[in-house]
Amino acid sequence: MTRLLHFVSLLLLGLLAGFFYAYSNSVMWGLDDTAPAAAVEAMQGVNRVVRNPLFAVSFFGAPVAATVAAAFLWRRDGAGAGLAAVLALAFCLASVGITAVVNVPMNEALAGIDPATADLPAVWADYSERWTFWNHVRFAAALAAFALTALLALRPAR
């Protein structure tokens, strides 16, 4: 059971890290390479559809699976593996927390922008710079969670 939970946690953390990774190395660069009006419109569209069941499974499932896997690992393998799993969970929670505290409020503010009256070059420049910085941070946290979980998965079974 512990190995299955660990595997599910690894998969969900991989999806989460991969999602943030795609924004860090292509999506935001592509939007920055377009006209600000098109970038704002595209990001508003993405933000409208990203809250969907498929994304919810990885976004909300990763911390749940990491929590359960950490508890089972601690119980089965002791403090060494348990602490590594708890650290992975902390990184996962950091990525989700950054999303909730920084990226989502920025997305909601961008949703309220009226393209007809806003200075779109200024709006996009400010949004993109801050949003991308925090996306890099949450990607790094999600990647650290994934890497720790992967290292734990590579250990020989007890």
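Modeller: Here we go through a few labels and the values behind them.

This is a predicted model, where local features need pLDDT of at least 70, side-chain atom pairs count only at pLDDT 80 or more, and totals for chains, interfaces and linings use all residues. Residues are numbered from 1 along each chain as its sequence is written, and side-chain values use heavy atoms, with hydrogens and water left out.

Biologist: What makes Glu-108 and Arg-51 a salt bridge?

Modeller: Their side chains meet at 3.4 Å, N to O. A salt bridge needs a side-chain nitrogen of Lys or Arg within 4 Å of a carboxyl oxygen of Asp or Glu, so the pair qualifies.

Biologist: And what does the pair tie together?

Modeller: Glu-108 lies in helix 4 and Arg-51 in the loop between helix 2 and helix 3, so parts 57 residues apart in sequence are tied together. Helices here are DSSP runs of H or I, at least four residues, numbered from the N terminus.

Biologist: Why is Arg-51 called exposed?

Modeller: Its relative accessibility is 60%. Exposed means over 50%, buried under 20% and partly exposed in between (1.4 Å probe, protein chains only), so Arg-51 counts as exposed.

Biologist: Why does Glu-108 count as partly exposed?

Modeller: Glu-108 has 48% relative accessibility, so the label is partly exposed.

Biologist: How many salt bridges are there in the whole structure?

Modeller: The search finds two. Arg-130 and Asp-126 also meet in one, at 3.4 Å, N to O, and both lie in helix 5, four residues apart, about one turn of the helix.

How values were computed:
Helices (H or I, at least four residues) and strands (E, at least two) are DSSP runs, numbered from the N terminus.
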